[in-house]
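Subject: Structure handover

Dear colleague,

Please find the structure below, followed by notes on what was found in it.

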Amino acid sequence: MTRVAVIGTGKMGAAIARRLKTGGFEVSVWDRKKSKAEALDVGRVAESPADAARAAEFVISSLTGPQALSDVYYGRTGVLAGAAGKTVVEMSTTGPAAGQELAKATAQSGATLVQAPVMGSVPAVDSGALVILASADRVDDLERVRPVLQRLGEVHYAGAIGSAPALKLVANSMLAIASAAAAELMAAGTRHGLDPAQVFWVLTRVVPGLKVREAGFLQDVHEPAMFAVRDLLKDLDLGLAMYQPPVPFTFLARQLFAAVAARTPDLDISAIVNEYAKEEAP
């Protein structure tokens with residue numbers, strides 16, 4: 001039985017661990033809050049990231065950002081302290097700079113790195129429908145872990161190390177721009193007298209991905225968050241740091257989501273509709 005350690009048991013990490021467990025993999029987990037890892041009840045709870053790596057063939061991490069990646073991977077008890085000879089699959093959205101630093105450190109530790117940020121949230125994990133953007137310096141490195149990743153969704157090879165993290169930021173920038181545009185047009189169409197449901201329907205014909213946030217756009221229901229505003233704002237900042245200007249649409253989307261994050265950072269990104277609802281208030 002293939003042994004997989006999942007590092008980070010937030011919403012995505014927990015969903016990944018459960019999905020792998022039901023797929024017949026031997027799963028162990030680690031989280032800085034041990035009680036969260038224990039509550040999953042999917043397998044052994046490791047004492048440290050290094051402990052988790054030593055006992056696994058593959059190590060998957062799903063973390064909140066560059067600082068969390070640094071905290072978990074480096075140091076005496078970090079993943080890389082126990083990862084020699086293992087394949088490390090980093091699925092967080094951390095940007096190219098943090099990814100390149102990790103690639104160098106992974107090589108020095110004797111481990112193999114596959115970067116695999118994802119498109120999709122918990123429902124996509126649960127149904128095995130994630131889109132996994134994978135980068136590796138050798139295609140064989142990806143092929144070794146492909147059976148694990150295919151349990152989670154569709155694997156798209158983006159190129160050498162650094163490609164997938166950059167591509168993920170492009171995807172999330174597009175998500176931010178499309179979501180902000182949809183919120184604007186929902187408000188504009190409603191002001192004109194159109195039925196909001198009809199406006200949303202036509203928007204989803206143009207941008208099908210909006211459909212998963214129907215409750216947010218039509219019923220003002222933004223919890224539980226599939227993708228929190230604060231996390232999208234972090235990704236937009238990473239993207240703006242990576243892009244060569246001008247990128248005016250991304251910059252404007254960042255301003256709009258920053259305003260939402262200042263008030264309701266933990267709501268789903270569909271809460272962007274509230275920026276336009278303010279304009280409707282008397």
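A crossover is right-handed if, with the strands pointing away from the viewer, the path from the first strand over the helix to the second runs clockwise. Helices (H or I, at least four residues) and strands (E, at least two) are DSSP runs, numbered from the N terminus. In that sense, E1, H1 and E2 make a right-handed β-α-β unit.

This is a predicted model, in which local features need pLDDT of at least 70 and side-chain atom pairs count only at pLDDT 80 or more, while totals for chains, interfaces and linings use all residues. Residues are numbered from 1 along each chain as its sequence is written, and side-chain values use heavy atoms, with hydrogens and water left out.

Strands pair if DSSP finds at least two bridges between them. E1 runs parallel to E2, joined by five bridges, with Val 6 opposite Val 29; E1 also runs parallel to E4 through four bridges, where Ala 5 stands opposite Val 59. Four of the five residues of E1 are buried, so E1 is largely enclosed by the rest of the structure; buried means under 20% relative accessible area with a 1.4 Å probe, protein chains only.

Best regards

Notes
Buried < 20%, exposed > 50% of the residue type's maximum accessible area, 1.4 Å probe, protein only.
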